[in-house]
Amino acid sequence: MSGLDPALLGLVALAVLVLVHVAAQGAAGLMAAGMGWSVGPRDVVADRGVLAGRLERALRNLLETAPAFAALAVVAHLAGRVGPLVGLGIGLWLGARAGYVVAYAVGCGWPRTALWHLAGAGLILMLIGVLSA
Amino acid sequence: MSMELTVLLLAALLAVVQLGWNAVRANLELGPSWFLTPRDGAPPQQLPTDLGRLKRAYENHMETLPLFAIAVLVVVLADRSSTFTIMCAWIYLGARVLYVPAYRFGWVPGRSIIWAVGFAAIVLMLLAALF
């Protein structure tokens, strides 16, 4: 993994995180709605069960802030501002978002909300780190 | 411009074409009394089956495009471009182009296989960027 700074590494981790979300909600939907619906053209809305619904909402929620994370990571890399603050923010955001999907899946409301705010704090750290060099 | 960036541009253009086509079709279908309003309620009627399929194909493309963009950006910025990553990029684009008729004409299980090929191309590109 040599040659990748924390910003580029964070971007790859983001992509892996999204891929895991997509695969998990697809698999949960497959278990609940069956192979026939999943591989078909999905013209009718199937009941995909509680877990697939939660994972789907966790994915939507992740995609709401992922562009901000990606933007900050790209700017930090291109502007040469990958310092301790940006590194900490990247780690905080990724860790909290990984915890968030687990909390959502098992249905822990308060920890989920706390993790969402923790991830937000990570973005703010990145923003401060990018702006104050 | 490196080849991966060219493919990323083409993938974005594919999204533009899908969005444009679907928007025009949906607006013709639902009429100006719907599409000129702020769309607060539900649409007056359901989209026809084929247009619903094209809409879901577009939404699916928009789920994978950011990941592909990340893979391309990291590969290019970290100077990890290789024949392998270029091949992955073209395979991704080919799969996403094929995905549209696969959804529209209900290819089973072709659509799922084509989706998996595009997904795998992104994963391989990300791995190539890492190692």
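## A two-chain helical model

Chain B has 5 helices and 0 strands. Keep in mind as you look around that this is a predicted model. Starting from the N terminus, the elements of chain B follow the order α-α-α-α-α. Along its principal axes, the C-alpha atoms of this chain fill a box of roughly 55 × 30 × 20 Å. Chain B has 131 residues, and 29% of them are buried. If you take the contacts in chain B between residues at least 6 apart in sequence, 76% join residues at least 24 apart.

Let's look at one pair of helices in chain B. In general, two packed helices are described by the angle between their axes and the distance between the axes. How do the axes of α1(B) and α4(B) cross? They come within 9 Å and cross at roughly 10 degrees. Angles under 35 degrees count as roughly parallel, so α1(B) and α4(B) are roughly parallel to each other. On the α1(B) side, the residues that meet α4(B) are M3(B), E4(B), V7(B), L10(B), A11(B), L14(B) and Q18(B). Their partners in α4(B) include W90(B), L93(B) and R96(B). Sorted by class, this contact of α1(B) with α4(B) has 11 nonpolar, 2 polar and 2 charged residues.

Now hop over to chain A and find helix α5, residues 109-131. This helix has 23 residues and reaches 33 Å from its first C-alpha to its last, close to the 33 Å expected at 1.5 Å a residue. Which residues of α5(A) are buried? They are R112(A), L115(A), A119(A), G122(A), L125(A), M126(A), G129(A) and V130(A). These buried residues of α5(A) pack against α3 and α4 of chain A.

Next, see how the two chains meet. In total, 21 residues of chain A are in contact with 24 residues of chain B. On the chain A side, the elements that give two or more residues are α1 and α3. The largest share, 9 residues, comes from α1(A). By class, this side of chain A has 16 nonpolar, 3 polar and 2 charged residues.

In soluble globular proteins, nonpolar side chains tend to be buried together. Here, the largest nonpolar core holds 65 residues, and those that touch the most other members are L11(A), V12(A), L14(A), A15(A), A71(B), V74(B) and M125(B). The elements that give two or more residues to this core are α1, α3, α4 and α5 of chain A together with α1, α3, α4 and α5 of chain B. Zoom in on V12(A): leaving out residues up to four places away in sequence, V12(A) touches V74(B), L126(B), A129(B) and L130(B).

A cis peptide bond joins V108(B) and P109(B), with omega about -5 degrees. P109(B) is in the loop between α4 and α5 of chain B. Two other residues have a positive phi without being glycine, as the table shows.

| Residue | Phi | Loop |
|---|---|---|
| D79(B) | about 60 degrees | between α3 and α4 of chain B |

Is D79(B) buried or exposed? D79(B) has 8 C-beta neighbours inside 10 Å, so it counts as exposed. R42(A) has 17 other C-beta atoms within 10 Å, so this residue is partly exposed.

Technical notes: Residues are numbered from 1 along each chain as its sequence is written. Chains are lettered from A and ligands numbered from 1 in the order in which they are written. This is a predicted model: local features need pLDDT of at least 70, side-chain atom pairs count only at pLDDT 80 or more; totals for chains, interfaces and linings use all residues. Helices (H or I, at least four residues) and strands (E, at least two) are DSSP runs, numbered from the N terminus. A residue is buried if 20 or more other C-beta atoms lie within 10 Å of its own, exposed if 12 or fewer, and partly exposed in between; C-beta atoms are placed from the backbone. The expected span of a helix is 1.5 Å times one less than its number of residues. Two residues are in contact if their C-beta atoms, placed from the backbone, lie within 7 Å. A nonpolar core is a set of buried Ala, Val, Leu, Ile, Met, Phe, Trp, Tyr and Cys residues joined through C-beta atoms within 7 Å. Ala, Val, Leu, Ile, Met, Phe, Trp, Tyr, Cys and Pro count as nonpolar, Asp, Glu, Lys and Arg as charged, and the others, Gly among them, as polar. Axes are lines fitted to C-alpha atoms, for helices over the stretch in contact, and angles run from 0 to 180 degrees between N-to-C directions. Angles under 35 degrees count as roughly parallel, over 145 as roughly antiparallel, 65 to 115 as roughly perpendicular and the rest as oblique.
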